[in-house]
Amino acid sequence: MDLAFIPSPSTGVVHLGPIPLRGYAFCIIIGVFVGVWLGNKRWIQRGGRSGTVADIAVWAVPFGLVGGRLYHVITTYEPYFGKGGHPLNAFKVWEGGLGIWGAVALGAVGAWIGCRRRGIPLPAYMDALAPGLALGQAIGRWGNWFNQELYGRATDLPWALKISDDPSVGRIGGTYHPTFLYESLWCIGVALLVIWADKRFKLGHGRAFALYVASYCAGRAWIEYMRVDEAHHILGLRLNVWTALIGLVLSVLYIVISAKKVPGREEVVEPAAQDAVTDGAATADGKDADASADTDAEAAKSAGDERPKKAGSPKAAGSGKESVGEKESVANGAAKLTKDAGSGSRSGGSRSGEES
């Protein structure tokens, strides 16, 4: 008897009138928004403009959806093009079936187009987006829970996933390993690892993205090995296990080789943002220079207004002339008094003799 388990939704779709609201689609959409939000924050921290990540995502997301669906249809073609298959069902993305490998590969092509149009290096963009991709995958994996798909082997663990019986799709009811949950938690760990390593080692030139690929592939290999859904096998291993192992090896090689060839991190990730900063600084300097010149001109004008009043104004000059005239009048008066005094002395002397 199962004492504890994770229940599955009774249905993966809710109808709002004639409009179907599918849990799988909601998880994908929310995952995309969260990934772009985190990527935008990291892009700004690297010196880029706000909104650039979303602008490029307009190219990357549709390419990624097409790539994810193509990978699923090509590697699991029997339900669509096999005996008794329905080719038109290949377009029913909302029913599940997106291969992360194809989504990342073709999504990178869309990102390259967007980056090329903006003059941005693709490796720098992918480095900024890497943790957001992992976090978006963590959210998107809950879409498998709504569809009751991609679970693991049977188990009676307390966190086992309860799957309902559905003979129409060949689903046998029971409790199974919740591989969707394992992968979701692993992706959260990958996002935290990339953020920490990027801060600690200043990863650049695509190495943060390569670390995301390597760490995700390491987890996907053992999680994929637990799944029991139909898949093609090569040498006894599921196709996706081989894909994960190849991705792990290639990404590790890229980290090692690129670290030797182009060490460090890009100084400029978005030239337009750098030009805007430079132009803003130049404009601010020009305004400061103009303000300084105006201040000097006003000071010179004030000084010029004060100088005439002190030395060269007509009034001051007139006052100078009047002062000189007064001095000449005093001198002439003194000379006249001296002359008169001399005459008086001579006159006085004759009078004194007469009176004695």
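Guide: A quick term to start: helices (H or I, at least four residues) and strands (E, at least two) are DSSP runs, numbered from the N terminus. This is a predicted model, where local features need pLDDT of at least 70, side-chain atom pairs count only at pLDDT 80 or more, and totals for chains, interfaces and linings use all residues. Residues are numbered from 1 along each chain as its sequence is written, and side-chain values use heavy atoms, with hydrogens and water left out.

Visitor: OK. How many helices and strands does the protein chain have?
Guide: The protein chain has 11 helices and 6 strands.

Visitor: And what share of the residues is buried?
Guide: Of the 356 residues in the protein chain, 34% are buried. Buried means under 20% relative accessible area, exposed over 50%, and partly exposed in between (1.4 Å probe, protein chains only).

Visitor: Switching topic. How do α4 and α5 pack?
Guide: Helix α4 (residues 100–118) and helix α5 (residues 122–140) pack at an angle of about 145°. Their axes are 11 Å apart. Axes are lines fitted to C-alpha atoms, for helices over the stretch in contact, and angles run from 0 to 180 degrees between N-to-C directions.

Visitor: Which residues make the contact?
Guide: From α4 come I100, A108, A111, W112 and C115. From α5 come L122, Y125, M126 and Q137. Contact means heavy atoms within 4.5 Å.

Visitor: Now salt bridges. How many are there?
Guide: The structure holds 13. Each is a side-chain nitrogen of Lys or Arg within 4 Å of a carboxyl oxygen of Asp or Glu.

Visitor: Which residue does D198 form a salt bridge with, for example?
Guide: One partner is R42, with the closest N and O atoms 2.8 Å apart. D198 sits in helix α7 (residues 179–201) and R42 in helix α1 (residues 23–45), so the pair ties together parts 156 residues apart in sequence.

Visitor: Are those two buried or exposed?
Guide: Both D198 and R42 are buried. D198 counts as buried because its relative accessibility is 6%.

Visitor: What about D198 and R265?
Guide: Their side chains also meet in a salt bridge, at 2.7 Å, N to O. R265 lies in the loop between α9 and α10, so its pairing with D198 in helix α7 ties together parts 67 residues apart in sequence. R265 is partly exposed, with a relative accessible area of 26%.

Visitor: Which residues do shared partners join into one network?
Guide: R141, E183, R220, E224, R227, D229 and R238.
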